[in-house]
Amino acid sequence: FVIAPLVITSYCIGISFGPEGVALSYSTALVLWLYPHLVWSLHNTPVSVGDLLGTIFRPWLAGMAASAGALAVEHYLGPESPTLLRLVAGGAVLACIYGFVLLFVLGQLTLFRDVLLSFRREARAGA
């Protein structure tokens, strides 16, 4: 009852500007809807919006850095490069930068190591 009218309205606003206008209007509407949606979704739960945003901040930041790196590779290779090469190179750069930033720059290596070791212990206990 909320998202459908929001999307339809965004399409109507953007349609006079062509496909790019529709895409921009739709993206803007969803970005503006994100925070109210989080507040509404988490209402009467033990999780606050601050808790959620604090939890996703580090992976989000790593994703932004990785996206910038992948876009730089895309720009460097240019549209004349084979599509598969751009896909593989961009994906590899994205994965490497994301892992490096998340694990080493943002200090999440210990957390992920502990999680993986707990899986290993449970696998041994179950066997």
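The structure holds 0 disulfides, a disulfide being a pair of cysteine sulfur atoms within 2.5 Å. The model is predicted: local features need pLDDT of at least 70, side-chain atom pairs count only at pLDDT 80 or more, and totals for chains, interfaces and linings use all residues. Residues are numbered from 1 along each chain as its sequence is written, and side-chain values use heavy atoms, with hydrogens and water left out.

The order along the sequence is α-α-α-α-α. The radius of gyration is 20 Å, well over the 14 Å that the globule rule gives for 127 residues, so the chain is more spread out than a compact globule. This radius is taken over C-alpha atoms, and the rule is 2.2 Å times the number of residues to the power 0.38. Along the principal axes, the C-alpha trace spans about 60 × 50 × 30 Å.

Of the 127 residues, 20% count as buried. The accessible surface of the chain comes to about 9,600 Å². Carbon and sulfur atoms account for 74% of that surface. Areas come from the Shrake-Rupley method with a 1.4 Å probe; for residues, only the protein chains shown count as cover.

Contact means heavy atoms within 4.5 Å. Among contacts with a separation of 6 or more, 40% join residues 24 or more positions apart. The chain carries 6 positive and 6 negative side chains. The centres of the two sets lie 17 Å apart. Lys and Arg count as positive, Asp and Glu as negative, while His and the chain ends are not counted. Each charge is placed at NZ of Lys, CZ of Arg, CG of Asp or CD of Glu.

Two cysteines were examined for accessibility. Cys-12 is exposed, at 54% relative accessible area. Cys-96 is also exposed, at 57%.

Helix α3 spans residues 49–77. Ala-70 lies in this helix. Ala-70 is buried, with 14% relative accessibility. Beyond its neighbours within four places in sequence, Ala-70 is in contact with Gly-90, Val-93 and Leu-94. Ala-70 and Ile-3 are 67 residues apart in sequence, and their C-alpha atoms are 31 Å apart.

Helix α4 covers residues 83–105 and includes Phe-100. Phe-100 is partly exposed, at 47% relative accessible area. The C-alpha atoms of Phe-100 and Ala-66 are separated by 9.3 Å. These two residues lie 34 residues apart along the chain.

Two loop residues complete the description. Gln-108 sits in the loop between α4 and α5, the latter spanning 109–126. Gln-108 is buried, with a relative accessible area of 12%. With neighbours within four places in sequence set aside, the contacts of Gln-108 are Arg-58, Leu-102 and Leu-103. Asn-44 lies in the loop between α2 (18–42) and α3. Asn-44 is exposed, at 72% relative accessibility. Phi of Asn-44 is near 65°, a positive value in a residue other than glycine.

Terms used: Helices (H or I, at least four residues) and strands (E, at least two) are DSSP runs, numbered from the N terminus. Buried means under 20% relative accessible area, exposed over 50%, partly exposed in between (1.4 Å probe, protein chains only).
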